[in-house]
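Morning, everyone. Let me put the model up, and then we'll walk through a few local features.

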Amino acid sequence: MLLFTSTIHAEPPQTTLPDCSTILPSEYQWQALDWSHLRAADLPRAFKIFPDQQPDCARDAAMCSEAESKRSIEVDVDVFFQDSAIWSKPEQLQSYMALVNRYYQQARITFNFKFRPANELPTWAENRNQLTIIFAAAMPAPAGKVADAFGNLPAGKAVFNDVLMQRQDRHANPYFLMGKPLGHELGHVLGLAHTQDKALLMTQGTSPQNALDILPEQALIMRVMALQRFGGKLDPVSTCH
């Protein structure tokens, strides 16, 4: 089992995290998956969102071979607050981000969340190859609808609107209310489509039946995207053991 928790930065100022073991209850653990029987070039299109915008392993076999390895990957994520009435401080999100990093160890992926000043927020068309998440009051999706949350692969961005936190009756575990949607929408940006299985992270919606499991095929899709599109780094140094 690989255990990483969130590396969270505020620029400026720097935010000091509490001891990693105290952020989440110790029972929240996930094992790294085995995808050694899979090849990145042969993954089912049904698991992919915007499959035609995903990397072609025939053109970049070396990168796909690295994704197929068991090496850990770290991805930088820029985080912005935009007019949210709920979210304004990095420490509000520490437990949720730690949870996401725990269950993304199924894919051996760690997110390095970096909080950025609101005046640096890129437009929707900018910084498409920089994974970005935005906590907003009511930001519409590209089609114009204000959803609870959405992840958009073409833009490289995930958005979480304040209405999401009005769904507290949907999940019995308070960590999962934001922790499940946060990882779910990052999954979309990293190339995953919805699934029907309630045990999986990528099932649509938040309910008491949700689990946070990832399939080996899904893990490999995200690893390819993390390396090819979003500048993922191999073999990062863990801040927690």
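Start with Phe50. At 37% relative accessibility, Phe50 counts as partly exposed. On the cut-offs: buried means under 20% relative accessible area, exposed means over 50%, and partly exposed is in between, with a 1.4 Å probe and protein chains only. Before going on, the ground rules. This is a predicted model, where local features need pLDDT of at least 70, side-chain atom pairs count only at pLDDT 80 or more, and totals for chains, interfaces and linings use all residues. Residues are numbered from 1 along each chain as its sequence is written, and side-chain values use heavy atoms, leaving out hydrogens and water.

Back to Phe50. Its phi is near 50°, a positive value in a residue other than glycine. Phe50 sits in the loop between strand S1 (7-10) and H1. Helices (H or I, at least four residues) and strands (E, at least two) are DSSP runs, numbered from the N terminus.

Asp83 is another such case. Phi of Asp83 is near 60°, again positive in a residue other than glycine. Asp83 is in the loop between S2 and helix H2 (94-103). At 69% relative accessibility, Asp83 is exposed.

Next, helix H1. Which residues of H1 are buried? Met63, Cys64 and Ala67. They cover an arc of only 95° around the axis, so they lie on the same side of H1. That arc is taken over the directions from the helix axis to the C-beta atoms. The face turned away from the buried side of H1 carries the exposed residues Ala61 and Ala62. What covers the buried residues of H1 includes helix H4 (216-228).

Ser69 is in the loop between helix H1 (61-68) and strand S2 (73-82). Buried or exposed? Ser69 is buried, at a relative accessible area of 19%. The Ser69 side chain reaches the backbone oxygen of Glu66 at 2.6 Å. That is a polar contact: a pair of N or O atoms within 3.5 Å where, within protein, one must be able to donate a hydrogen and the other to accept it, and residues adjacent in sequence count only if both atoms are side-chain atoms. Leaving aside neighbours within four places in sequence, Ser69 is in contact (heavy atoms within 4.5 Å) with Trp35 and Arg223.

Now the charges. How many salt bridges does the structure hold? Eight. The criterion is a side-chain nitrogen of Lys or Arg within 4 Å of a carboxyl oxygen of Asp or Glu.

Take Asp52 and Arg45. Their side chains meet in a salt bridge at 3.3 Å, N to O. Asp52 is exposed, at 66% relative accessibility.

Then Asp56 with Arg59, at 3.6 Å, N to O. Asp56 is partly exposed at 37%. Arg59 is exposed at 75%.

Last pair: Lys233 and Glu74. Their closest N and O atoms are 3.8 Å apart in a salt bridge. Lys233 lies in strand S7 (residues 233-234) and Glu74 in strand S2, so the pair ties together parts that are 159 residues apart in sequence. Lys233 is partly exposed, with a relative accessible area of 35%. Glu74 is buried, at 13%. Salt bridges that share partners join Glu74, Asp76, Lys114 and Lys233 into one network.

That's the tour. Over to you.
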